[in-house]
Amino acid sequence: MKIETTIEQLRAALSQARKSGKSIGFVPTMGNLHDGHLQLVKQAKNRCDVVVVSIFVNPIQFGVGEDFESYPRTLDADSLLLADAGCHILFAPTVQEMYGDKPRHTTVQVSGITEILCGKSRVGHFDGVATVVSKLFNIVQPDMAFFGEKDWQQLAVIRQMTNDLNLPIDIVGVPIVRADDGLALSSRNGYLSESERQLAPSIYQVLQQSAQALQQGENLSQVLQQARQNLTEKGFVVDYIEAYTPDLQTVTEFEQDVVLFVAAKLGKTRLIDNLLVNKVLS
């Protein structure tokens with residue numbers, strides 16, 4: 001596996017593959033990798049000739065008081081994992097390499113779907129995500145890019161941006177990878193204390209209970225209210241628990257497939273999860 005730290009080096013490394021007609025798969029990450037990330041790499045390897053993974057902790061997607069400075073940076077361990085997973089090129093640029101010295105006057109902004117869910121409490125977060133991903137797409141110029149469905153809203157934002165800007169990239173969503181107890185894998189799970197880690201799977205359990213209640217005919221708004229109450233009673237500080245269509249349109253009743261979204265704090269750790277609930281037509 002090659003490790004490139006500059007845009008020029010990466011483009012040179014990819015030019016020969018591109019000339020040879022090889023397909024390029026791309027997995028953008030912020031590092032501190034877990035099995036969820038490695039599943040993205042596996043999917044990319046199955047579908048593309050060359051797999052590029054980026055590790056870049058992007059400062060412009062962190063808000064004031066968020067964990068940019070403390071976000072785990074584990075490049076050496078990540079490199080070993082990626083090599084074992086079959087990654088061909090690791091792109092690990094510095095902030096200086098990605099943004100330079102001059103003031104940044106360009107921001108990529110996707111309206112509408114960024115103003116709900118995490119967009120309400122993390123103002124500007126998705127602008128930072130869309131901007132850095134558009135930069136990475138321009139640098140790597142992949143044929144396919146792979147994102148986890150745990151960040152369903154982020155995936156929707158990237159799809160919208162790619163479509164609106166006519167980028168010739170196939171965006172592939174990869175299902176959530178969970179621990180044996182159901183907790184969605186996340187780099188931020190490492191912040192949880194031992195007791196918090198034991199409680200954290202309750203999020204998924206409540207989502208499953210809510211899905212079952214919906215499919216048994218219970219009212220959507222009452223199901224969401226009950227889910228919020230259940231999580232609060234267990235010790236979570238709920239940011240939101242809401243339902244939208246898979247493409248993030250508003251719903252008031254369970255008359256079609258919906259995705260249940262939750263964000264909640266456990267101690268100092270903010271956890272997110274989601275669950276697609278299919279409407280079974282009688």
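Trainee: What makes N219 a cap of the N-terminal end of α10?

Mentor: In this predicted model, a side-chain oxygen of N219 lies 3.0 Å from the backbone nitrogen of S221. A polar contact is a pair of N or O atoms within 3.5 Å, so the pair at 3.0 Å qualifies. N219 therefore caps the N-terminal end of α10.

Trainee: How do you know that the span of α10 agrees with that of a helix?

Mentor: Helix α10 covers residues 220-234, which is 15 residues. At 1.5 Å a residue they should span 21 Å, and the end C-alpha atoms are 21 Å apart, so the two values agree.

Trainee: Which residues of α10 are buried, and why are they said to line one face?

Mentor: The buried residues are L220, V223, L224, A227, N230 and L231. Seen down the axis of α10, these residues fall within an arc of 125 degrees, so they line one face of the helix.

Trainee: What do the buried residues of α10 pack against?

Mentor: They pack against α9 (202-215), β7 (237-244) and β8 (258-266). Just after α10, G235 takes a positive phi of about 110 degrees.

Trainee: How many bridges pair β7 with β8, and in which sense?

Mentor: There are seven bridges between β7 and β8, and the sense is antiparallel. One example is E242, whose bridge partner in β8 is F261. α10 packs on the sheet and touches β7 and β8, and its direction makes about 160 degrees with that of β7.

Trainee: What makes β8 and β9 a pair of strands?

Mentor: Nine bridges join β8 to β9, and these strands run antiparallel. With at least two bridges required, nine bridges are enough, so β8 and β9 pair. K265, for instance, has R270 in β9 as its bridge partner. Two residues lie between the strands of this hairpin, where G267 takes a positive phi near 65 degrees.

Trainee: Why are β7 and β9 called edges of the sheet?

Mentor: Three strands form an open sheet in the order β7-β8-β9, with antiparallel pairing. β7 and β9 (269-277) each have a single partner strand, so one side of each is left without a neighbour in the sheet. The twist averages 10 degrees from one strand to the next. Across β8 and β9 lies α9, running at about 25 degrees to β9.

Trainee: Why is S186 called buried?

Mentor: Its relative accessible area is 19%. Buried means under 20%, so S186 is buried. S186 is found in the loop between β6 (170-174) and α8 (194-199). Setting aside residues up to four places away in sequence, S186 touches H34 and K150. A polar atom of the S186 side chain also lies 3.1 Å from the backbone nitrogen of R188.

Trainee: Does the value for I169 place this residue among the buried or the exposed?

Mentor: I169 has 12% relative accessibility, which is under the 20% limit, so I169 counts as buried. I169 is found in the loop between α7 (152-164) and β6. Not counting residues up to four places away in sequence, the residues that I169 touches are F137, P142, D143, M144, A145 and T162. The C-alpha atoms of I169 and E233 are separated by 44 Å, and these residues stand 64 apart along the chain.

Trainee: Why is strand β2 described as largely enclosed?

Mentor: Six of the six residues of β2 (residues 24-29) are buried, so the strand is largely enclosed by the rest of the structure. I24, F26 and P28 point one way, while G25, V27 and T29 point the other way, and all are buried.

Trainee: How many bridges join β2 to β3?

Mentor: Six bridges join β2 to strand β3 (residues 50-55), and the two run parallel. In this pairing, P28 stands opposite S54 in β3.

Trainee: Which residues of α2 are buried, and what do they pack against?

Mentor: In α2, G36, H37, L38, L40, V41 and A44 are buried. They pack against β2, β3, α3 (75-85), β5 (144-148) and β6.

How values were computed: Residues numbered from 1 in each chain as written. Predicted model: local features only at pLDDT ≥ 70, side-chain atom pairs only at ≥ 80, totals over all residues. Heavy atoms only, no water. Helix = DSSP H or I, 4+ residues; strand = E, 2+ residues; numbered from the N terminus. Expected span 1.5 Å × (residues − 1). Buried < 20%, exposed > 50% of the residue type's maximum accessible area, 1.4 Å probe, protein only. Arc of directions from axis to C-beta. Contact = heavy atoms within 4.5 Å. Polar contact = N/O pair within 3.5 Å; in protein donor to acceptor, adjacent residues only side chain to side chain. Axes fitted to C-alpha atoms, helices over the stretch in contact; angles between N-to-C directions.
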